Amino acid sequence: QGFDTSYIAPINVGTPAQTFDVVLDTGSSDLWLATNGCSGCASGTPLFNTGSSSSFTSANRPATFQYGSGGAQGTLGQDTVSFAGFTLSNQPVSAVSLVTANIINGPISGIMGLGFQALSQFNLAPFWQNLVSGNRLPNAEFAFFLARESSTAQGNDSENPGGVFTLGGTNSSLFQGSIDFQSFPSGSSPSYWLQTVSQVLLNGQAVSIGSASNNLAAIDTGTTLIGGPSAAVQNFYSRIQGSVSIGNGMFAYPCSTTLNVSFAFGGSSWPVAAQDLNFGRVPGGAGLCQGAIFDVAQGSATSASTPSWIIGDAFLKSVYTVFRSSPAAVGFAQLSTAAGGS
């Protein structure tokens, strides 16, 4: 949706079931939906009617959710939730009555967090983790192939086929070769899906990013771009002739420049498609295009627990990504030709 801004899928909530499109977000762990009377919701947003669900119960506890680009507020509750062929009763789901700009738009009604329980506002297990603890999944993992926006898309809020999410395993038709699993960094407990950026290459040359302790990364399907620590991002753009800072942690470079970039996380090095590094022309920018790599410290709201890197969709579109809960690991694989790989 929105030229690869968000990747969404439908869930069913309540009795009788109400269907909503939600962002699939590995960078958070709570499920919430905009409800009737939502302040800040765009006109036409599909809204969750809690009063029409005989299985919804409210915990009468305020819920606040904060993301890099904004937030939402509402009330914690629980209801029957169905997704990807699985159904859970009494799954935590918050009814949100206030959202800030840039959180949801178009057909999107909320966010389904796919991180670990430790990230939850109330320390409540997310949908996928409840399935794992109940031995409901054939494998304790899920996987993403994120499709690239078609060139024929119309309008910023247009919906297009967005790829494939597989819950409880992988889809072998979408990747080739082996999955390069990298365990969580030593000493880190499951919260975000964590990796360590071990190398960034620009046009075949290593960019100075500092020590491993400064390069903890969240693998985050809910973030559109790629965020990094200030020094590393500045070092990256300093090596691109004609690049400039355009504020809020963002940079631009000449549109005529093709970037050859790859990331490594302790194993293989994964190239990023050049078109995904170019986030479009800067208005009045005299031939400049916005880069998809930004400074996390300046470009989003962060906390002490926010990893230095946020590896979002601009990278993930170039790989097949598998999230495994036990032992906790993230794995990447080369896309198959059917999924646009080469």
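Okay, let's start with the second largest cavity: by class, its lining has nine nonpolar, no polar and no charged residues. Here Ala, Val, Leu, Ile, Met, Phe, Trp, Tyr, Cys and Pro count as nonpolar, Asp, Glu, Lys and Arg as charged, and the others, Gly among them, as polar.

Quick caveat: this is a predicted model, where local features need pLDDT of at least 70 and side-chain atom pairs pLDDT 80 or more, while totals for chains, interfaces and linings use all residues. Numbering runs from 1 along each chain as its sequence is written, and side-chain values use heavy atoms, with hydrogens and water left out.

By cavity I mean a set of points, on a 1 Å grid over the protein atoms alone, where a 1.4 Å probe fits but cannot get out; lining residues have an atom within 4 Å of a point. Points join across faces, edges and corners, and the volume is the space filled by probe spheres set on them.

So who lines that second cavity? Val-200, Val-207, Ile-209, Ala-232, Val-233, Phe-236, Phe-263, Ile-293 and Trp-309. Helix α2, residues 230-238, gives the most, three residues. Helices here are DSSP runs of H or I, at least four residues, and strands are E runs of at least two, numbered from the N terminus. The space is about 40 Å³.

Overall, we count two cavities of 30 Å³ or more. Of its 17 lining residues, Ser-29, Asp-30, Leu-31, Gln-91 and Pro-92 are the closest to the centre. That lining splits into 11 nonpolar, five polar and one charged. Strands β6 (86-99) and β7 (108-113) each supply at least two residues, and β6 has the largest share, with four.

Technical notes
On a 1 Å grid over the protein atoms alone, a cavity is a set of points where a 1.4 Å probe fits but cannot get out, and a pocket is an open set with protein on both sides within 12 Å along at least five of seven lines; lining residues have an atom within 4 Å of a point.
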